[in-house]
Amino acid sequence: MDQFILQILNGLDKGSAYALIALGLTLIFGTLGVVNFAHGALFMLGAFCAVTVSKLLTLSHKVVDDTRTDFLGNPMQVDVPYLHDWFGPAMGDKLIDWAVPLSILFAIPVMICIGFIMERGLIKHFYKRPHADQILVTFGLAIVIQEVIKYYYGANPIPTPAPSAFKGSFDFGVLIGFDVNAIIYPYWRLVYFFFSLVVIGAVFAFLQFTTFGMVVRAGMADRETVGLLGIDIDKRFTIMFGIAAAVAGLAGVMYVPINPPNYHMGMDFLVLSFVVVVVGGMGSLPGAVAAGFLLGILESFASTSWAVSNLPGINQVIIYLVAIIILLTRPRGLMGRKGVMEE
Amino acid sequence: MSKSNFSRRGVLKTGAIAGAGLALPTYLRAEAHAGFTNAPGDSEVILGFNVPQTGPYADEGADELRAYELAVEHLNGGGDGGMLNTFSSKVLDGTGILGREVKYVTGDTQTKSDAARASARSMIEKDGAIMITGGSSSGVAVAVQALCQEAGVIFMAGLTHSNDTTGKDKRANGFRHFFNSYMTGAALAPVLAANYGTDRKAYHLTADYNWGYTTEEAIRSSTEAMGWETVNAVKTPLTQTDFSSYIAPVLNSGADVLVLNHYGGNMVNSLTNAVQFGLREAMANGQNFEIVVPLYSRLMARGAGANVKGIFGSTNWHWSLQDEGSKAFVQSFGTKYGFPPSQAAHTTYVQTLLYADAVTRAGSFNPCAVAEALEDYEFDGLGNGKTLYRGDDHQCFKDVLVVKGKENPENEFDLLEIVEVTPVDQVTYDPNHPQFQGGALGTCNPGA
């Protein structure tokens with residue numbers, strides 16, 4: 001039982017990332033009808049927003065320390081962050097420690113701008129082209145973004161830890177009556193799960209309870225009629241592209257303490273997120289979120305040593321297996337609209 | 001009216017024959033009379049540096065390339081000479097190799113066997129490289145080594161740690177300076193027993209490919225010989241990025257040690273996840289829970305950040321060594337590039353010098369003469385103490401470093417501290433040791 005709960009918890013944080021990325025993908029597909037293979041790269045760019053903020057906060061000047069020597073035997077040049085000079089060491093260290101949560105403030109405008117530029121600069125030219133063209137151009141764009149990041153940040157992962165208040169783990173099992181060490185869960189993964197719930201809730205509330213959201217939903221249902229009413233739906237859809245980019249970016253920002261980011265991390269999530277979208281139902285926002293969590297939990301169960309020893313390789317194929325079954329039995333996906341993918 | 005002697009058919013025939021001749025690989029034409037592939041001219045010799053310039057090990061590849069460029073500079077008489085000044089052999093005098101200026105071409109392995117073979121083949125066939133060296137993965141090393149054997153050039157392996165490179169996949173034209181999984185186990189196990197005791201239960205997470213298997217086998221047999229018990233060993237996909245599903249059950253498995261047979265990005269992520277799940281602070285079987293990372297790399301340790309603190313592992317070489325060879329290399333490399341070299345840089349620099357030295361001692365670029373000069377050759381002054389290039393399997397035997405993640409690093413490079421320099425005798429094994437059985441060295445192929 002304890003292993004069961006443990007794998008559900010594990011699946012929730014993985015599912016959170018899938019859900020956030022799939023949510024953005026579905027927003028773009030539902031509004032603009034574009035299959036955006038660069039969405040994983042947006043997740044990665046969000047992660048590198050956190051790396052950038054972390055680097056900015058630790059910008060330093062050199063102070064020569066004559067009492068120590070460097071690896072060549074010369075007097076040691078010690079890095080002193082400018083934040084220490086401006087706010088004192090205690091406050092400076094606190095700001096550096098909270099670099100990842102602070103990155104959210106930086107990432108939102110940056111990612112929205114990137115989304116705008118992507119949509120206006122490139123993707124809008126492919127609206128009327130076949131999905132294969134869209135996939136090719138966005139995949140190419142993803143590779144370009146990856147290479148740019150690798151050029152500036154290198155190929156190796158960059159450690160970007162969580163604030164010290166959220167480091168380590170807690171014994172969740174003891175809280176619900178299990179033995180000590182039965183269910184250990186890291187604090188930050190819990191933070192990530194609740195953060196994703198807040199973001200998902202905010203996106204749904206925005207679409208459900210604002211006039212802007214209402215117009216967008218109407219446009220998703222019948223773009224032509226909304227256009228005939230004199231509403232500039234294209235402009236609103238461009239804004240939705242920016243919001244989708246920001247959602248992917250925020251998923252990336254908060255993910256960096258879980259696994260140190262590298263330039264390739266977006267690709268690791270991209271294909272799985274597409275499967276999540278297909279399983280949830282193309283164009284269905286609740287479907288994308290539900291399928292994200294569902295497949296995250298399934299993947300977690302399939303990765304247990306029991307599952308792997310009894311069904312070797314199951315951890316690698318479980319998500320695709322589910323996708324095949326769903327597509328065979330319910331082509332529109334779990335919550336997809338009737339007719340979509342069924343023609 | 002003049003009549004031309006050229007007929008359309010004649011021109012076409014001549015053109016076709018000339019084209020076919022030009023299209024032949026270099027090692028099948030002009031220099032064939034020299035008796036070996038890509039015999040150099042009188043003025044220059046070309047070496048092929050095959051490193052990952054893109055892909056997940058690109059940073060390691062970049063460091064290898066820096067070391068190669070430094071080695072070429074030193075061989076051609078530039079810079080401060082680096083380890084040429086401390087090398088026990090004194091035949092290299094800064095005039096290139098056998099009086100020929102050393103030039104080089106580079107290839108990108110992308111850490112993919114097929115891409116690595118393609119780039120090595122291109123350097124041999126199109127650029128005329130007489131020796132191929134480099135790589136940051138055992139899969140790549142084994143693939144390129146086999147290609148060099150077929151093509152008749154020497155392969156001086158870069159960073160490759162699997163037993164198989166000089167075990168079942170060894171080749172007469174291939175040579176490895178880097179240590180291997182068996183040596184890691186033999187060096188690490190006594191240190192682990194001394195620090196953590198002999199009553200331990202280990203749980204292995206192993207990367208699901210060749211290197212992972214040989215490392216798990218080596219660590220298991222070495223630690224079990226010390227009295228440890230292996231409670232579980234789970235293979236993890238090479239493409240895995242989040243190891244939480246694998247790590248979460250560890251604490252409740254009866255184990256009190258987690259061995260991460262992972263390298264590169266796998267190591268960074270699995271170690272980060274293990275620390276997140278509180279394994280460093282946990283107690284199991286009445287003892288502190290411990291984590292072991294058999295193969296450390298400073299570049300990878302940087303990715304894992306503070307998570308490496310206090311964790312044992314092994315390494316081929318470290319910049320903080322205080323022997324004359326290491327100091328000379330760190331001085332040269334650090335002055336040129338502004339930071340200390342990695343173990344990948346060290347082994348590739350040394351391999352280049354060893355190749356040049358062997359050619360010079362043999363008085364020939366013929367791969368078979370070079371191989372003979374390297375076999376059972378003993379040397380010193382290149383950073384690992386006295387070293388033997390064993391003729392039976394073309395594996396270098398030297399001291400091995402057991403290291404630990406440093407608790408209080410003084411700078412960004414100061415991540416590992418040397419716990420023990422394990423003497424070479426402790427890591428030496430019989431060429432027919434079970435972990436190295438299968439395959440045969442075969443005979444040297446000069447090509448042509």
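Predicted model: local features only at pLDDT ≥ 70, side-chain atom pairs only at ≥ 80, totals over all residues.

1. Residues are numbered from 1 along each chain as its sequence is written, and chains are lettered from A and ligands numbered from 1 in the order in which they are written.

2. Domain 1 of chain B gives 14 residues to the contact and domain 2 of chain B gives 15 (C-beta atoms, placed from the backbone, within 7 Å). On the domain 1 side, helices H2 (58-75) and H4 (138-151) of chain B each supply at least two residues, and H2(B) has the largest share, with 3 residues. Helices here are DSSP runs (H or I) of at least four residues, strands (E) of at least two, numbered from the N terminus.

3. Now to strand E12 (residues 312-315) of chain B. B:Phe312 and B:Ser314 point one way, B:Gly313 and B:Thr315 the other, and all are buried (20 or more other C-beta atoms within 10 Å of their own, with C-beta atoms placed from the backbone).

4. E12(B) pairs in parallel with strand E11 (residues 290-295) of chain B over 2 bridges (pairing needs at least two DSSP bridges). B:Ser314 is the bridge partner of B:Leu295.

5. Antiparallel to E12(B) runs strand E16 (residues 400-405) of chain B, joined by 4 bridges. There, B:Thr315 has B:Leu401 as its bridge partner.

Notes: Contact = placed C-beta atoms within 7 Å. Buried ≥ 20, exposed ≤ 12 C-beta atoms within 10 Å, placed from the backbone.
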